[in-house]
Amino acid sequence: MFSGCFGKHIIMRKIATSAVIAVFLITHVLADAGAVVDAGKAPYDVYEEMMVGRFASLNVDTFAIPAHLGEVKYLFKGDSDKVIVHIQDAHCNSFAQYKISAIIDYLNKEYGVGVINLEGGVGNYDLSIFTDISGEDIRREVADYFVEKGEVNGAEFYAINNPDRVMLWGIEDKDLYMSNLKVYRDSLKYKPEVDEYLGELSHILNNLKRHIYTPELLKLDMQYSAYKAGNLDFQDYLTFLIDKAKGSGISIKGYPNLYLLDQAMELEEKIDFKRADTERSVLVDEMKDKLSKEEMRELIGKTVGFKTKRITKEEFYNYLLGKARELW
């Protein structure tokens, strides 16, 4: 993911685990994110007492979130009456971070979720470098900047802009974390030797394939290798696979996602992109009348990011469509 937390107690960073969520019974918390700070005891009981009777009860059997925020992917109901909502993250993806912040906002206002447990952190978080900024608009602009840079994650972003609504709490064992990090760093000295062995094995395997594989299977393997190596883009690789399947009498309807992608590519060939650009501009103009000042700032940031290629087309259009669903 991101990550990075700011404050005088920060002692390390951690990348956490790309906007689907899973729900598990245990305690009223969110898991994900990032940075290690001073350790201590998490005051869960204090938060639970504060929330009793003030919000809707989170029932695992019926739990859901608004479609524009994501979807509940997995559910598990145990014997405890506690609840955990696990948010899966897309690392360093600003669009995903804003969605995570929006999910936390929904859970906080709907169910009173006030403790956000973060992977890669130890104890309480100190975000005072942000929260000491008195102007809310300026504070959000600063937080936006660091989200776009990948230095602040969705949970931190929400806490920065809503300091009295949630508490961030890192759940890592610092000693174990540092020990694991040391093992990884110590292993790096063997990387050149390991790479050499892997290169030799790859050479041997490629030679064996040329003697064992049929020409058709060898071509399939070569296309796959080119795609994995980044020498063949996804659309060309997908087109190759679909054409090969059709030529072999295999119906791709049995693979619904591939089938939809094939349909989408066929539709793409019929798209008038100049007209699509015009329609996009019309949509943005209509959205401007319905957006708040903060949302307008976000829209402008996304538009500039798209035009300067700091964010992808997919990310930009996902944002536009998601925002349009919220408004209409």
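Modeller: Of the 14 residues of helix H6, the number buried is 1, so this helix lies largely in the open. The model is a predicted one, with a mean pLDDT of 80, and 83% of its residues reach 70 or more. Helix H6 covers residues 174–187, and at 1.5 Å a residue it should span 20 Å; its end C-alpha atoms are 20 Å apart, which agrees. At the start of H6, the backbone nitrogen of Asp175 has a side-chain oxygen of Asp173 within 3.1 Å.

The largest nonpolar core has 30 residues, and Phe63, Ile104, Leu107, Ile116 and Leu168 touch the most other members. Among the elements that each supply at least two residues of this core are strand S6 (84–87), strand S7 (115–118) and helix H4 (136–148). Helix H2 gives the most, with 6 residues. Beyond four places in sequence, Leu168 touches residues including Ile116, Leu118, Tyr125 and Ala159. A second, separate core of 11 residues includes Phe95, Met296, Ile311 and Phe316.

Phe316 is also one of the residues touched by Arg280, which lies in helix H11 (residues 273–288). Arg280 has a relative accessible area of 17%, and because buried means under 20%, this residue counts as buried. Its side chain makes a polar contact of 3.0 Å with the side chain of Tyr317.

One region calls for caution: over residues 1–42, pLDDT stays under 50.

Key:
Residues numbered from 1 in each chain as written. Heavy atoms only, no water. Helix = DSSP H or I, 4+ residues; strand = E, 2+ residues; numbered from the N terminus. Buried < 20%, exposed > 50% of the residue type's maximum accessible area, 1.4 Å probe, protein only. Polar contact = N/O pair within 3.5 Å; in protein donor to acceptor, adjacent residues only side chain to side chain. Contact = heavy atoms within 4.5 Å. pLDDT = per-residue confidence, 0-100. Expected span 1.5 Å × (residues − 1). Core = buried A, V, L, I, M, F, W, Y, C linked by side-chain atoms within 4.5 Å.
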